[in-house]
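Here are my notes on this model. Please read them with the structure open.

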Amino acid sequence: DLALRPFKGKFAPFPIQLTNSEGKRFNISDYHGGVTVINFWATWCPPCVGEIPSLNRLREAMQGENFHLISINYAEDAGAVRAFMQRVQVDFPVLLDHDGQEAAKWKVLAMPSTFVIGTDGQIHYGVNAAIEWDAPEVIATMKKLAHPE
């Protein structure tokens, strides 16, 4: 996958209750009303790290929309994630999946894996690779998803 693909999985988005590397708790139980991108990644994954700048630019391009970008780091120590974020600019929340259980619930088999949830609270798109999240067609898809007819 090098592009967004319609999601063909058989599950709905799961509530997320994780902390970030600073210990702040995030509780996301309702995805209705906005577009939410959930990105599973790891610092040891070169494609994951490579897509961070385009995720930053996607977030910037979607300002003013009801849009949320959340990344979930796979099974790494909080200190390692904090050290990484001192070297690499990450403009969105990074939550910690300490034991990999969150990734298992979402059936993540490859890094990075990303799910795009629409305003109806359902997963509309998925990708199991790094893509250019700020490509014009991706931004257009996100904006269309934010404003369903």
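Which residues point one way from β4, and which the other way?

1. Val-35, Val-37, Asn-39 and Trp-41 point one way from β4. Thr-36, Ile-38 and Phe-40 point the other way. In a regular strand, side chains alternate between the two sheet faces.

2. A word on the basis. This is a predicted model, where local features need pLDDT of at least 70, side-chain atom pairs count only at pLDDT 80 or more, and totals for chains, interfaces and linings use all residues. Residues are numbered from 1 along each chain as its sequence is written, and side-chain values use heavy atoms, with hydrogens and water left out.

3. Strands are DSSP runs of E, at least two residues; helices are runs of H or I, at least four; both are numbered from the N terminus.

4. β4 runs parallel to β5 (residues 67–74), joined by 7 bridges. Strands pair if DSSP finds at least two bridges between them. Val-35 stands opposite Phe-67 in β5.

5. β4 also runs antiparallel to β7 (residues 113–117), with 5 bridges. Here Val-37 has Val-116 as its bridge partner.

6. Now Glu-102, in helix α3 (residues 101–105). Why does Glu-102 count as buried? Because its relative accessibility is 5%. Leaving aside neighbours within four places in sequence, Glu-102 is in contact with Pro-15, Ile-16, Leu-18, Phe-40, Ile-72 and Asp-97 (heavy atoms within 4.5 Å). Phe-40, one of these contacts, belongs to β4.

Note on methods:
Buried means under 20% relative accessible area, exposed over 50%, partly exposed in between (1.4 Å probe, protein chains only).
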